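Here are some notes to read beside the structure.

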Amino acid sequence: MSLRRDRCNRQARPAGTVRTMPIARPSDPRPQISWSGWGDPTQVSALPDDLLRRLTDALGLRGPRPRPASIEEIAIAPSRFSGAIESELAAIVGEANVHSDHDARVRHTRGKSTPDLLRLRAGEATDAPDLILMPESHAQVLEILRVCSQRRIAVVPFGGGTSVVGGLAPRVGDLAGIVALDLRRMNALLELDEESRLAVFEPGLLGPEAEALLAARGYTIGHFPQSFQYATLGGFAAARSSGQASAGYGRFDDLVLALRVATPAGTLTLGRAPRSAAGPDLRQLILGSEGALGVITSLTLQIAPVPQRRAYEGWRFDSFQSGAAVFRRLMQDGPTPTVLRLSDEAETALNLALPAELGQSGQGGQGGCLAIIGYEGSNGDVERRSAQAGAILKAAGAQPVAGAGDSWAADRFRGPYLRDALLDAGALVETLETVTFWSSLGALYGAVSDALRESLSAQGTSPVILCHISHVYATGASLYFTVGCAQLEDPRAQWAIAKAAASDAILSAGGSISHHHGVGSDHLRWYEREIGELAMQALAAVKATLDPAGILNPGILIAR
């Protein structure tokens, strides 16, 4: 289809309405991802013997941890639904799009946090959904919500299943069961408005699928988080995702111009213009709502031309503080790179120690802190910004690291696979992230590092703590921590203690409980403290209006 025929006049179509015939859908089947780890299970490499010995000595690992050999060994509870309920729901989506088999239920249980995976690796999925439904339209989603509200059945919207904050672990309470609403069949590029540089998508498209559909027409979203390969556009919006090129393209929520949302109370159509003074922007209620207020059924995104050139450079700073100061200068005074990422001393040193097949080896220069700085755009624009920023970097004492940028670009989606290998070896590995203003960044970095170190050391498992900055603004930056130590007999309880200590430290030091992972169930206690009781009451009132029976992802974001 030509670009001319893909164009549409959005001014002639009310916000939230969509074409009856989509422009395109993905042609390849959706990948089957690991049920007990991240992504493609064939990408997990066993740790080399020499690295395993070093980790055992450094962390005191207590030996490999066994896990079920097959998905059939996972224990799940019997379905709570009668044949009548299944038949009623099947009448909405068709028998072929209803799944209650053991395999499907396990694969739709929880997300991909380390605690989520540890439960599966222990052979337990007793909170598996009772039924998986795969609708293909907004109308079908509305009807599912109507029936489930009447029957008091919890509904968990399911995109790629990549939540790392308990966002797919609802608190069912006295509800009659759980339906996982898998949106993979809602996977079309619906409209392309070249004049406004907007595209309308259904929510079930995976990141690579959406990029391929746009690239064929010369455009990109520019959103590449670490979950990119397996997360969906709807999930990006529902969790306020932030991609690795956020300095250039913006966070995902910056790119959302309009939304259509199915709720038990009806349809929301939000967004008629880039900005509006027509009351509060209700799009912001849905962005970050994690399926607790409604199901996103289409979203209009700002897009950009595919860049002529992508160039990624490595630079070494003497310290984390000096690198952060230069990042602040670039964001406040320019030139602004597209990608800005700064590893602290510990993360830089670990990258040096990793074999090439496991990570980004060779990136670290001679110690210090490695920065990855990227530029995307026209050839001239990339050359100009690189030269101008390079002069600033050199004046600040930074030194170029040959090949580091290309190595990072090649390996940037491989980190979670290393976590799987480490879990197999008996290490406890997990991440957490936060964000604050520049004036509080140093104190926040120290407070969270100390809390993690003290809480894990007190349990007899001295940790390795790594940190990097990967999302930068004129006013502040995010901090992303990776923690590793030996697993105890109950590693989930072990991590819960450390996570609580770190979360307390985040709030005490002036940070937000999440920059881009979301709230889920894991962060709910601290989210309530962060925004206050009155704000939580207001949010609960919105939920009561949109979801009177409280069926949408109960216990996620809002404790009810």
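1. With which side chain does the side chain of Arg119 make a polar contact? The partner is the side chain of Glu124, at 2.8 Å. Please keep in mind that this is a predicted model. Arg119 itself sits in helix 5, which covers residues 114–121. If neighbours within four places in sequence are set aside, Arg119 is in contact with Arg110, Glu124, Thr126, Asp127 and Arg492.

2. Arg110 is buried, at 3% relative accessibility, whereas Asp127 is partly exposed, at 27%.

3. How many salt bridges does a search of the whole structure find? The search gives 29. One of them joins the side chains of Arg67 and Asp424, at 3.1 Å from N to O. Arg67 belongs to the loop between helix 2 (49–59) and helix 3 (83–93), while Asp424 belongs to helix 16 (residues 415–425), so this pair connects parts that are 357 residues apart in sequence. Arg67 is partly exposed, with 32% relative accessibility, and Asp424 is partly exposed too, with 22%.

4. The pair in point 3 is part of a network of salt bridges, which links Arg67, Arg121, Asp420 and Asp424.

5. Arg316 and Asp318 form a salt bridge, with 3.6 Å between the closest N and O atoms. Asp318 counts as exposed because its value is 60%, over the 50% limit.

6. The last point concerns helix packing. Two packed helices are described by the angle between their axes and the distance between those axes. For helix 12 (residues 320–333) and helix 14 (residues 379–395), the angle is about 145 degrees and the axes are 11 Å apart. Helix 12 passes helix 14 in a right-handed crossing. On the helix 12 side the contact is made by Val326, Arg329 and Leu330, which meet Ala389, Ile392 and Leu393 of helix 14. By type, the residues of this contact are 5 nonpolar, no polar and 1 charged.

Technical notes. Residues are numbered from 1 along each chain as its sequence is written. This is a predicted model: local features need pLDDT of at least 70, side-chain atom pairs count only at pLDDT 80 or more; totals for chains, interfaces and linings use all residues. Side-chain values use heavy atoms; hydrogens and water are left out. Axes are lines fitted to C-alpha atoms, for helices over the stretch in contact, and angles run from 0 to 180 degrees between N-to-C directions. Helices (H or I, at least four residues) and strands (E, at least two) are DSSP runs, numbered from the N terminus. A crossing is left-handed if the near helix is turned anticlockwise from the far one by less than a right angle, and right-handed if clockwise. Contact means heavy atoms within 4.5 Å. Ala, Val, Leu, Ile, Met, Phe, Trp, Tyr, Cys and Pro count as nonpolar, Asp, Glu, Lys and Arg as charged, and the others, Gly among them, as polar. A polar contact is a pair of N or O atoms within 3.5 Å; within protein, one must be able to donate a hydrogen and the other to accept it, and residues adjacent in sequence count only if both atoms are side-chain atoms. A salt bridge is a side-chain nitrogen of Lys or Arg within 4 Å of a carboxyl oxygen of Asp or Glu. Buried means under 20% relative accessible area, exposed over 50%, partly exposed in between (1.4 Å probe, protein chains only).
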